[in-house]
Amino acid sequence: MSDTTNRAAGRPGKKGGWSIIQLLLEGRAFFGLIAIVMTFSMLSPNYATVSNFLIMSNHVAIFGLLALGMLLVILNGGIDLSVGSVLGLSGVFAGFLMQGVEIQSAGVIVYPPVWAVVVLTVALGAFVGMCNGVLVAYFKVPAFVATLGSLYVARGVALLMTDGLTFNNLSGDPALGNTGFEWLGFNRIAGVPVGVLILAVAAIVTGVILSRTAFGRWLYASGGNARAAELSGVPVRRVQVIVYSLSGVLAAFAGLVLSAQLTSAGPQAGFTYELTTIAAVVVGGASLMGGRGTVTGTLLGAFVIGFLSDGLVIIGVSSYWQTVFTGAVIVLAVMLNSIQYGGRGKT
Amino acid sequence: MRVPETDEAPQVAPDTTEVVLAARNVSKSFGAVHALKGVNFDVHRGQVTTLFGENGAGKSTLMKILSGVHLPTSGELILDGEAVEIASTVEARDLGIAIIHQELSLAPNMTVRDNIFLGCEIMGSTGVNYAEEGRQARELMRELEEDIDPLTRVEDLRLGQQQIVEIARALSANSRILIMDEPTSALSASEVEVLFKVIRDLKARGVSIVYISHHLEEALTITDHAVVLRDGVMTAYAPRSEIDLEWIVRNMVGENFDIGSPPSRHEMGTTALELRGLTVPATSFTGNAVDGLDLSVKSGEVVCIYGLMGAGRTEMMECVAGRLPATAGRVLLHGQDISSFTIAQRIEAGLVLVPEDRQRDGLVQTMTVGRNLSLASISDFTRGLFTNRRDENRIIEDSIREVTVKTDGPDATIGSLSGGNQQKVVIGKMLATTPSVVVLDEPSRGIDVGAKAEVFRILAEHAKNGMAVVFSTSEVGECLSIAHRIIVMRRGRIAAEFTQDTTKEAIMAASGESLVA
C-alpha cells in the first residue's frame, strides 16, 4: 500500500513543471492557427482584411457545423461518413420545397414558408442520422459501413430528386410568402454573418451538452469504455442513436447555410466534405478511439483547415498543392495526438 | 531416461535427475510492485514440475520470465549449466522453450498444418513447401497419437484437439521445455486423459514440462515435483513422493492468512435477493452456463460463491445484473420481480454488479478518478437539465473517503492508480448509488493482500448496515474470511453449501477441484 502512496506523491511535482513542449502540445491547434494567420498575412496583403476574414468564416461555418456533429460521433467511438451527403441532400430537399410541392389529389401546389422548409430539412437530417444510429446501436453494423451506406443512399436520393440538375431559384416569391431563404447565407447581425452565428450557437449548445448534462457524461463514458458505461447504468445504445441523429441535424443545418450562401442547391454539394470534417476534428485533438475531445479543439481544427486552404488559394498555390498541404497537416495532427495520448495507457 | 508411464510417483529419486533449466534468486518488479522476490526454481529433464499458487502469487510472472516475455529485475536463468538471458519469445523458442497459454494462440481460420508452422514455414524453391509441411505435421500427429488431418481448420477441432495442435507446434520447434498454463481448465474428462497420456509420452522422450493448474489433485497425478509460490515468494519445494493435497493447500494459503472475519452479531433482515430456477445459456459451448439455480440472500448477509473457472459464477452474476439474458427463471429483489429490468433500472432499484474484469468492464480509462466514481450516480447530481458540480464533488469526495482510494485528487487519471485502488474505484462507483444488494465478481482478483483486506473490510461494514453482499472468488482462503455462507458452484449448479465452520479442503472437494475432472 505504501508503494501506491509513493507513486501518488510523485505526481504533483510532475504536474507543476509544465514544460514549453507540453504547453505547445496541449495548445497545438491554437498555435497552429496563429502560425497560419501570421504566415499568410506576411505572404499576401489581402489575407488579413476584414472582408477576407468574413469570407473565410463563412467557409469555416459549414465545416464547423459538420465538425461539431462529427465530434459527438467520434467521442462516442464511431465515425459518420454520411455528413457530406446529408449536407447535399438537405440542400436539395430545401430547394425542392422552395419550388413548391404539388399535391396531386387536391390539385394544388403548396409553397411552404421558409421556417417550415428549415424545420422539415432538419427533420430529414435527423432521420438519416437516426437510421445510422439504429443500424450501429441495434443491428451492430460497424459505424464505418453503416454510414458509408448512407453516404451512397443520401447522395443517390439527392441526384434522383433533381435528376442530376441544380435548383437555382431559392429566393422564393413575395406573392407566395416564402421569401427570405438567402437570409441564412447573406445577412449579418452586428457585422457577423448569420452562418457564423449559427455555428457559434451550435458550438455553445454542444459545449454545454458535453460539459454540463448527464447526456454529455454518458457520451464521454460510452466512448471511453462502452462495457463499463453500460454496467454503470448508461443507456449506451440510446446515446448512440441520439449522437448520430445530432450529427444528421447539424449536417442539415450546414446544408441549409451552404445552399443559402450559394443561392442554389446542387446534388453534388458537400462531396468529400466528410473527410475534411474528420480532419478538422482530429486536428482539434479528438481521439478516433473515442472518449477524448473538446468543442474548443474541434472549432480550432475547423478554423485551421479552413484558414489554411483559403490562404493557399489567396497566395495562388495550385489546388493540387493545397491537397498535399491539407494531407500533411492531417498526418501531423494525428501524429501529435498519438504522442499526447500514447503515454496514457491503452484504450 | 525413461519414466514409468503410470500414475505412480516416479521411482527415480528426483535429486539425481539432471536440472535442465534453473532460475536462481529471480526477482521481478513492475514499478513499485514486487511480483517475484528471490525465487529459485528447477526444471528437471524429462519430468513434470508443477507450480502451485493462488492468483497473483507470481506464477504467470515466473512463466513469462522463463519464456522470454519479461526479463528478471535481478537473478539469473541457467540453461544446461550456463547462464542465459532470454530477451524475447523468439530467443526462448531458439533455446527450445515453448509456452502453451491458457488461451490458445492458434489462428482458428487456418489449417492445423499452417498453424503448426506459423512463423517458421518450411521454404522450398517456389515458396512454402506445403508437401513437406504436411508430411511433418502428419508425423507429429502420429507421434502424439492423435488422428487429426493436418488440413483440418483449427476452428473445426474440439478444444482438446486444439491443445494437441499447440503441443505439436511446440514440438515442431524442437522444444525441450514445455510450459503449460492451466491446460486442463477447458477440457472434458476424456480430453484430460488424452492430454495426460501425451504428457507421459513427452516425458519419455526427454521433454521437460512445467505445469500450472488450479485442479490440485489432477496436477498431483501427473507431477514429479511441486513448487509452491505465495505472494511472489517460493514457500515450498518437494518431490511428489513427499507431498499430498493438504501440504499444497497449507503452503498455498498460508496459516497466517487473515483477510477479515465475518461481520458478527448483527441481525439479518428479510430476503433481499432471490434467484428462482435461473438458467443462462453458455456462449462458448452448447448447454447452460447456469442451470436452474436457486439462491436467496438476506439483507446484511455476506455470501461467497466459490467455484472453478467455467463453473458459471460470472454468467450467473452478469445475468443478475441484467447484462446477460436468462432463458428461464426469475430474479427477485426484495420480493419484486426484476427479471425484465434493464441494467439502469436494476441499479435504480438497488442492485449493482462489480464486474470481474475491471479494465474491460469496470473503468473508463479516458476519464478521471472522480468522473469514474460518479459515473453510476449521475442522476443524483443532475438538477433539471444540468449536472451540479458541487453535488458531484460531494459524492466523489465521500466515495474517495469511504473506500479509501489513495489518489492525489479526483482529477488524477485512472491509470495513475495501482490495481487495488482501481478496484476500489469500481466498488466505490457502485456503492455511491446506495444499493441494497451488491454482487461482486472476483473482487480480489489481481490486487495485493493489503488491498484485499480493505475491500473485504468495506464489504463487511456495509453488510453490518444491512446491505446484502454476494461475492465470488477462486481463492479458497477468501471463502472463510468474511462470508456467513459459502456456496460452491459446479457446472452451473449449486454443488454444496457451507457455513463458516467448514474447512478449505471440504470446499475444494465440493467444487470438483480435488477430483480428476
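A107(B) lies in the loop that connects β6 (97-100) to α3 (112-116) of chain B, where helices (H or I, at least four residues) and strands (E, at least two) are DSSP runs numbered from the N terminus. The model is predicted: local features need pLDDT of at least 70 and side-chain atom pairs count only at pLDDT 80 or more, whereas totals for chains, interfaces and linings use all residues. Residues are numbered from 1 along each chain as its sequence is written, and chains are lettered from A and ligands numbered from 1 in the order in which they are written.

A107(B) is exposed because 12 other C-beta atoms lie within 10 Å; 12 or fewer such atoms define an exposed residue, 20 or more a buried one, and values in between a partly exposed one, with C-beta atoms placed from the backbone. Beyond its neighbours within four places in sequence, A107(B) contacts N115(B), L118(B) and V154(B), a contact requiring C-beta atoms, placed from the backbone, within 7 Å. The C-alpha atom of A107(B) is 8.3 Å from that of E155(B), 48 residues away along the chain.

Chain B comprises 17 helices and 24 strands, and 48% of its 517 residues are buried. Its C-alpha trace spans about 75 × 45 × 45 Å along the principal axes.

Six strands of chain B form an open, mixed sheet in the order β18-β21-β22-β15-β23-β24, pairing being assigned where DSSP finds at least two bridges between two strands. The edge strands, β18 (351-354) and β24 (493-499) of chain B, each pair on one side only. Within this chain, β15 (residues 302-306) and β22 (residues 468-473) are parallel over 5 bridges, and I305(B) has S472(B) in β22(B) as its bridge partner.

Technical notes:
Two residues are in contact if their C-beta atoms, placed from the backbone, lie within 7 Å.
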